Amino acid sequence: DDNRRLPEWLAYHWTVLPLRRLILAVDPYSLTSPQKILRQFEAIGLNTTLWTDEDYLFAGNLSIQRPVYGQHNSYGEPLVDQDKWKAHLWRQQVFLTR
C-alpha cells in the first residue's frame, strides 16, 4: 500500500514533467484508496483515471500467462510474499500493454 507516497510523487511529477494525465491501477492488496489524494490533484488540473483489475486484466485474450492470483494458491494455501510479488509483476506487464 503505497498511498502514503503518492502525494509527494504526484507533486514532483506535476512540477517537473509536467504531469497532466495519470491512469492509476489500484493494487487489490491495498488497504486504502488513493481517491482522496487524486481529488486534491484534480482540483489543480490533473486529469486522473482510477482502474481496478476488472478494467484491464480480464478484458479479451491476454498474451501474458497469469500467475497464481488471489488470496490462496490452487491448493487453498495462503499466498506467500513471493507469490504476491509474481502476481504484482504480472499485473504491471498487463497494465503497460493496455
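Of the 98 residues in the chain, 27% are buried. The model is predicted.

The secondary structure consists of four helices and two strands. Read from the N terminus, the elements follow the order α-β-α-β-α-α. Contacts were also examined by the distance along the sequence between the residues involved. Among contacts in the chain with a separation of 6 or more, 69% are between residues 24 or more positions apart.

Helix α1 spans residues 6–16, and helix α2 spans residues 35–42. The axes of these two helices come within 10 Å of each other and cross at roughly 25 degrees. Because angles under 35 degrees count as roughly parallel, α1 is therefore roughly parallel to α2. The crossing of α1 and α2 is right-handed.

The contact between the two helices involves residues from both sides. Helix α1 contributes Leu6, Pro7, Leu10 and Ala11, while helix α2 contributes Ile37, Leu38 and Phe41. By residue class, the contact of α1 with α2 comprises seven nonpolar residues, with no polar and no charged residues.

Notes: Residues numbered from 1 in each chain as written. Predicted model: local features only at pLDDT ≥ 70, side-chain atom pairs only at ≥ 80, totals over all residues. Heavy atoms only, no water. Axes fitted to C-alpha atoms, helices over the stretch in contact; angles between N-to-C directions. Parallel < 35°, antiparallel > 145°, perpendicular 65-115°, else oblique. Left-handed = near helix turned anticlockwise from the far one by under 90°. Contact = heavy atoms within 4.5 Å. Nonpolar A, V, L, I, M, F, W, Y, C, P; charged D, E, K, R; others polar. Buried < 20%, exposed > 50% of the residue type's maximum accessible area, 1.4 Å probe, protein only.
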